[in-house]
Amino acid sequence: MMHAGVEYLDFQNGAGIRYLTQYAQALSVVNNEEICYTFQGLTQDGEYYIAARLPVYHPDLVAGANDAPDGDTSVWEDVDKNVQYMQKMAPMLDTAAPSSFTPDLTTLDAMMRSISIQ
């Protein structure tokens, strides 16, 4: 549906990318039940692919997939409205402080940086 908060991270013997995303097969809203922190990386030798998908929470998002932002249920029915909504959400999440998420994105980044493949 969208991606936000894209950052490249190095770990002991490799590198990867982290971002916030949410997957859907229909019109939806970014919500605290489905948004996740995702990391995908490779070891320097190309031998191992590392993937992590962890749930996160942000206080400015609606609670669940069935909750309409500002009570506007048309985001599920009108493609143009849904696109406009999504175009607002990614920049909002891009500019949100890492500490405004639970868990703190800085903590999750540190966990990804601590990966060591032997």
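Analyst: The count comes to two salt bridges, a salt bridge being a side-chain nitrogen of Lys or Arg within 4 Å of a carboxyl oxygen of Asp or Glu. The model is predicted, so local features need pLDDT of at least 70 and side-chain atom pairs count only at pLDDT 80 or more, while totals for chains, interfaces and linings use all residues. Residues are numbered from 1 along each chain as its sequence is written, and side-chain values use heavy atoms, with hydrogens and water left out.

Glu7, Arg18 and Asp109 are linked in a network of salt bridges. Between Glu7 and Arg18 the closest N and O atoms are 3.4 Å apart. Glu7 belongs to strand 1 and Arg18 to strand 2, so this pair ties together parts eleven residues apart in sequence; helices (H or I, at least four residues) and strands (E, at least two) are DSSP runs, numbered from the N terminus. Arg18 also meets Asp109, with an N to O distance of 2.9 Å. Because Asp109 lies in helix 2 and Arg18 in strand 2, the pair joins parts that are 91 residues apart in sequence.

Arg18 is buried at 3% relative accessibility, and Asp109 is buried at 5%. Glu7, at 34%, is partly exposed.

Phe39 touches Arg18, and its other partners beyond four places in sequence include Leu9, Phe11, Ile17, Ile50, Met112 and Ile115; contact means heavy atoms within 4.5 Å. Phe39 is one of the residues that touch the most other members of the largest nonpolar core, which has 27 residues; the others are Leu20, Val30, Ile35, Tyr37, Val56 and Leu93. Such a core is a set of buried Ala, Val, Leu, Ile, Met, Phe, Trp, Tyr and Cys residues joined through side-chain atoms within 4.5 Å. Two or more residues of this core come from each of strand 1 (2-11), strand 3 (36-43), strand 4 (49-55), helix 1 and helix 2 (105-113). Helix 1 contributes the most, with five residues. In soluble globular proteins, nonpolar side chains tend to be buried together.

Strand 1 also holds Asp10, which is exposed at 57% relative accessible area. Leaving aside residues up to four places away, Asp10 touches Ala15 and Arg113. The C-alpha atoms of Asp10 and Ser114 are 9.1 Å apart, although 104 residues separate the two in sequence.

As for the whole chain, there are two helices and four strands, in the order β-β-β-β-α-α. Buried residues make up 42% of the 118 residues. Among contacts with a separation of 6 or more, 58% join residues 24 or more positions apart. The C-alpha atoms fill a box of roughly 50 × 25 × 20 Å along the principal axes.

How values were computed
Buried means under 20% relative accessible area, exposed over 50%, partly exposed in between (1.4 Å probe, protein chains only).
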